[in-house]
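Hi,

Here is the structure I promised to pass on. Have a look when you get a moment, and my notes follow below.

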Amino acid sequence: MARKRGRLRIYLGAAPGVGKTFAMLCEGHRRLARGTDVVVGFVETHGRPRTAAQVDDLELVPRMTMVYRGAAFTELDTEAVIARAPSLALVDELAHTNVPGSKNAKRWQDVEELLDAGIDVLSTVNIQHLESLNDVVQQITGVPQRETVPDEVVRRADQVELVDMAPEALRRRMAHGNVYPPERVDAALSNYFRVGNLTALRELALLWVAGKVDEQLDRYRADHGIAGTWEARERVVVALTGGPEGDTLVRRAARIAARTKGADLLAVHVTSSDGLSGADPANLARHRALVESLGGTYHQVVGGDVPQALIDFARGVNATQLVLGASRRGRFAQLLSRGVGVTTTVLSGSIDVHMITHAEVSRGARRVRSRAALTRRRRFAGWAMAVLLLPALTAALVPLREDLTLPSEILLFLLTVVMVALAGGMWPAVTSAVAGSLLLNYYFTPPVDRFTIADPENLLALCVYVLVAVMVSAVVDLAARRTREAARAGADAEVLSTLAGHVLRGDSALHSLLARLRETFGLTSVTLLERTGEPGPDDHSEPGAWRIAATSGGAPCTVPGSADSDVTIDEDLVLAVRGRLLDAADRRVLEAFAAEAAVALRQERLREQAERARPLAEADRMRTALLAAVSHDLRSPLASAKAAVESLRSTEVRWSEQDRSELLATAGESLTKLDRLVANLLDMSRLQAGVLGLTPRPVAVEEIVPRSIDDLGPLGDRVDGEVSAELPEVVADPALLERILVNVMANAVRYSPAGARVLVTASGHGDRVEIRVADRGPGIPAEAHDRVFLPFQRLGDRDNHTGVGLGLALSRGLAEAMGGTLVPEETPGGGLTMVITLPAAPRTRPL
């Protein structure tokens, strides 16, 4: 018997600290009290005492210890949990990335193994870790999330429970020290945990869970065959025909949806099942853009019965209201058929139907004038055959009247009519059928040579002949018309798909669109004109009223009036083309792409605005990060120096000489840190502004390295320098090179294990000199080599108590300013090596 798969329950939160792990542990205690076999596979308390207290009474499965780059890490021991075979396992942080070398790369893959083993799992995840929302969260918070989990993993969970907390409440928890250590609170509150960020993340979490609930509701209704509408959420569907009244219907439907918070707006167009729709593609494209601009979605369905297709779609999306336009048909047509609106209302059931009046009602239904089904040459051939074949056939049959019966003669005339229909279409064939009936009556129906019919059966035969001839003619004409329309629709579709594909592949959507449009229709130029001021009564040919937004081809049109054909997109945009006059069918395609050109123009403008705003946003993010980081890093050395000085000034305590020396050393070290921080900040600002003063000159590396080690103070005791005196000099600013070495060596010492030493070496390579600073620390992954040089890398959810994170960023900037480079490499045997490359000074010849 196959083992039953375990059930997964996920606690979803908007941000760290909302109580996901605590809620998971509470559920574990509740299950344990009911007699369920519960174990803790992996729980991360983050040093929170209340969370840690919840773990004490639960059985812990020992974690697996792994060593990576000289450091020890603990991970979920999946095999141990499976061997223990509990009924329920608690596994925290579903999106966690396992240490390299683990069996699975991600923890959610470990959870899948537990579920396959028949173990129920409780887990946690934050909304920012969902793969589909990763870029959105980065835009909101400015912090990229490296650990993600596929949405499908969370959607497949048997239960997803939202752990919610108001932003203000979460910030209070953090200010009380219930989330992060005190030294990280100020930076976190000023950056990632701002009220705006938390509110946006909370909305994302609520919307995602609402979508999950919608899926569950749809699945339940489908499984139980529930066709009726459940008004769990207002959904307004507006039916579009492609007519000019569509704008009115969309806006009215949007107002109806806006009356209810969170209502959905959906627009649907039903295409005929034969694929030959009479809808105007330009209008549909404009309506689609309008719907999407109002926050709705556009859908297109195929159906032979329009009312039934509308109702099926509305019920499929669980719509509560359906918006239709009032019929444009005349009264006589309404007497013959109830129409789409009335029929849809009858079929609607619990769905409310709104019939919206509009300006097109009084104008009646507009029919698109169709081209002739056949070409002029074929119609001429049909008339010629009718004129020639009927007399020829009559002349051939008259001598055979005694040998042939009337039915045989009727069949021969019917054959001739069919031939005329195939060649020339309906009207030559109908004319041939009527003329043929007269010829049959006069020459072959007794009494012959007279327009009388003696036998009623002969009258019936002639009537059937005419009826069959007319029906065959109509069928042939309809088939020819449908064939022509289908060919035209196929050609239009091919043009549209080719243009759309070119736009998707092109670098510039708008320019590519206009270029392909010009090539497709063989035009001289295609120009998108934009109005410069308010619309005027006679500004169609006024040069000052228009400007060229985009153009392709030869001499562009400067005003709509100078174009061979023009398409008005809206009050401010007109597409003008030169080269030839376009017929009605070509104009429909042109109108559709005119609407797309307007969308492409707006998107291009939005991209330009975004590009202009990006430096400002980056500067604002940098400024915010700088203030948050500096507020912490200034406070620590200032507080230490102040405490030491106030202690020395105190008259209540008698300090020994040793104590006084330690206090003075503490104050000195703190002020040195403060001085280094301020110097780094000033140099970074000068570097970014391009005003950093440089005085490059030949410098001996064997002199700079010892001075840099001395500048490290106590940290210098853990640095070994091995630099040959035979090494060529480098061209550099001595003070800045010393600053680079101090920052790089301090970083290496900070991340080296206790007792491990940092080695500084130098070597010459042609016209370059390399200075290597190697440590035995944990190192960094190859994909993160460039990220370590970004400023303020300890902000947000990362550690923020070891510095402002400017050292490496400043060092690389200074090295590049002197014509050098600073790149990281892996230290053989484990660790990180920073390689500083500088130009060697030219050697001078001895006199």
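**What I found**

Let me start with one side chain: Thr 445 reaches the backbone oxygen of Leu 440 with its side chain, at 3.0 Å. Bear in mind that this is a predicted model.

Thr 445 sits in the loop that runs between α17 (426-443) and α18 (456-505). Is Thr 445 buried or exposed? Its relative accessibility is 0%, so Thr 445 counts as buried, the cut-off for that being under 20%. Leaving aside residues up to four places away in sequence, Thr 445 touches Leu 406, Leu 440, Thr 452, Ile 453, Asn 458 and Leu 462.

Another loop residue to look at is Pro 714, between α22 (701-711) and β19 (719-722). Pro 714 has a relative accessible area of 56%, so it is exposed, given that exposed means over 50%. In sequence Pro 714 and Glu 669 are 45 residues apart, while their C-alpha atoms are 9.5 Å apart in space.

Now the protein as a whole. It has 24 helices and 24 strands, and 42% of its 847 residues count as buried. If you take the contacts between residues at least 6 apart in sequence, 70% of them join residues at least 24 apart. The exposed surface comes to about 43,800 Å², with carbon and sulfur atoms supplying 55% of it.

On cysteines: how many disulfides does a search of the whole structure find? The count is zero.

Last, confidence. The average pLDDT for the protein is 79, and 81% of the residues score at least 70. There are stretches to treat with care, including residues 367-371, where pLDDT stays under 50 and the model has six contacts beyond four places in sequence. Residues 792-805 also stay under 50 in pLDDT, and for them the model has 47 contacts beyond four places in sequence. Where pLDDT is low, the predicted coordinates should not be read in detail.

Cheers

Definitions and conventions:
Residues numbered from 1 in each chain as written. Predicted model: local features only at pLDDT ≥ 70, side-chain atom pairs only at ≥ 80, totals over all residues. Heavy atoms only, no water. Helix = DSSP H or I, 4+ residues; strand = E, 2+ residues; numbered from the N terminus. Buried < 20%, exposed > 50% of the residue type's maximum accessible area, 1.4 Å probe, protein only. Polar contact = N/O pair within 3.5 Å; in protein donor to acceptor, adjacent residues only side chain to side chain. Contact = heavy atoms within 4.5 Å. Areas by Shrake-Rupley, 256 points an atom, 1.4 Å probe, with all protein chains shown as cover. pLDDT = per-residue confidence, 0-100. Disulfide = S-S within 2.5 Å.
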